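Dear colleague,

I am passing on the structure below for you to look over. My notes on it follow.

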Amino acid sequence: MFFSQKAKGFFVELNDYAVMLARTSAPVGPFTIEDMRECPPNDPAALEEAINQIQPKKSPSGYLHATVGTYPAKRLVRRHSLELKRVKEPGYFAEVCSQQFRIEQDKYTIAILNSTEGTDFDVAKAVQKDVLFCGMLTEEVNAAQNALLENGIYPERLELGTVSTLGGVVDCLAHAKSKTPTLVLEIGADSTHSFIVTANGVEASRPIPQGLDAMVPIVQKELGLKDEESARKLFYSNTFDFTGMGPLLIKKLLKELQSSIGFYEVQTGQSVGQVLTTQLSPKLAWLDAAFAASLGITSLKLNPVPWLQSRHVTLPDTLAKNAQEVRWFGLFALMAHYNVVHAVPAEEKK
């Protein structure tokens, strides 16, 4: 069979602040990233324009066939230590979901992964007790697929962006031979997902029921604004420098994070040394530095280029500058395939 044009690969990330898109020279690696675009969320006209730019020649189906990462509000990404002697009991996993995560298992589409390798947990073998429960409401899966189709995107694969991003950060740390435990934050409007990861996998997870919206009343009070709506517009805009107010705005959230970090450090004897805030619009990027300063740790600056090369993904110089911004990392993480193990020096294996 003759193909007049090599098949391209397409990747899309849908987060709270943007739709990120990329075209690659092939659907699976090794490939080169050929183009990267973004547009505002919930703007069908802007998305249609971005799709036309990233895919000038439409596919026969009329859809952009893509690997898609999404961040539903009620996503489940939780590390848990299983009681191995109970994993074959009927109802055990439903019990964990209801008692530990406060969710109804039958309303969710859930995958259970080994917390170090990221491979599927095998109930029959069940030798590793530390796992990640990853899932989303089944009705949200259906709604996401329908919305994508309505906007001209056919999801070849629909992934939880949180899971692929965590996998990317872990692999990036392994590639850099970094042993530093890292705090990874996804701060949404009304909740925050916090994780502690190392090059060995996801070590801790904690959802915190407060996010950016909790900072708005503080902005209103501190700046003497007449209502919350004015404070909200100012907070989410780029017209005021909130850096000086940062410690006050993050005070409540910081307490929760300090509690999680303290527990982890006592349990493991390791110190969390850096923070990475992945889900922020550029206008709120100052928050990452605010957390780092208040926690007395550094901001992790990821350089994805050498890591992507190790995963047989080439990023040309023309796109590399944009790629340094952490908001693109989730899109790159969707591209990586982990069938290659980073070589660990012999002395580190002991």
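Helix α9 (residues 286-295) is largely enclosed by the rest of the structure, because seven of its ten residues are buried, where buried means under 20% relative accessible area, exposed over 50% and partly exposed in between, with a 1.4 Å probe and protein chains only. Please bear in mind that this is a predicted model, in which local features need pLDDT of at least 70 and side-chain atom pairs count only at pLDDT 80 or more, while totals for chains, interfaces and linings use all residues. Residues are numbered from 1 along each chain as its sequence is written, and side-chain values use heavy atoms, with hydrogens and water left out.

Helices (H or I, at least four residues) and strands (E, at least two) are DSSP runs, numbered from the N terminus. The buried residues of α9 are Trp 286, Leu 287, Asp 288, Ala 290, Phe 291, Ala 292 and Leu 295, and their cover includes β9 (182-187), α6 (228-236), α7 (246-249), α8, β12 (274-277) and β13 (298-299). Just after α9, Gly 296 takes a positive phi of about 70°.

Ser 260 lies in helix α8 (residues 251-268) and is buried, at a relative accessible area of 17%. Apart from neighbours within four places in sequence, Ser 260 is in contact (heavy atoms within 4.5 Å) with Ile 196 and Arg 206.

As for the cysteines, a search of the whole structure finds zero disulfides, a disulfide being a pair of cysteine sulfur atoms within 2.5 Å. The sulfur of Cys 172 is too far for a bond, because the closest cysteine sulfur, in Cys 134, is 20 Å away. Cys 172 is buried at 7% relative accessibility, and Cys 39 is buried with a relative accessible area of 6%.

Best wishes
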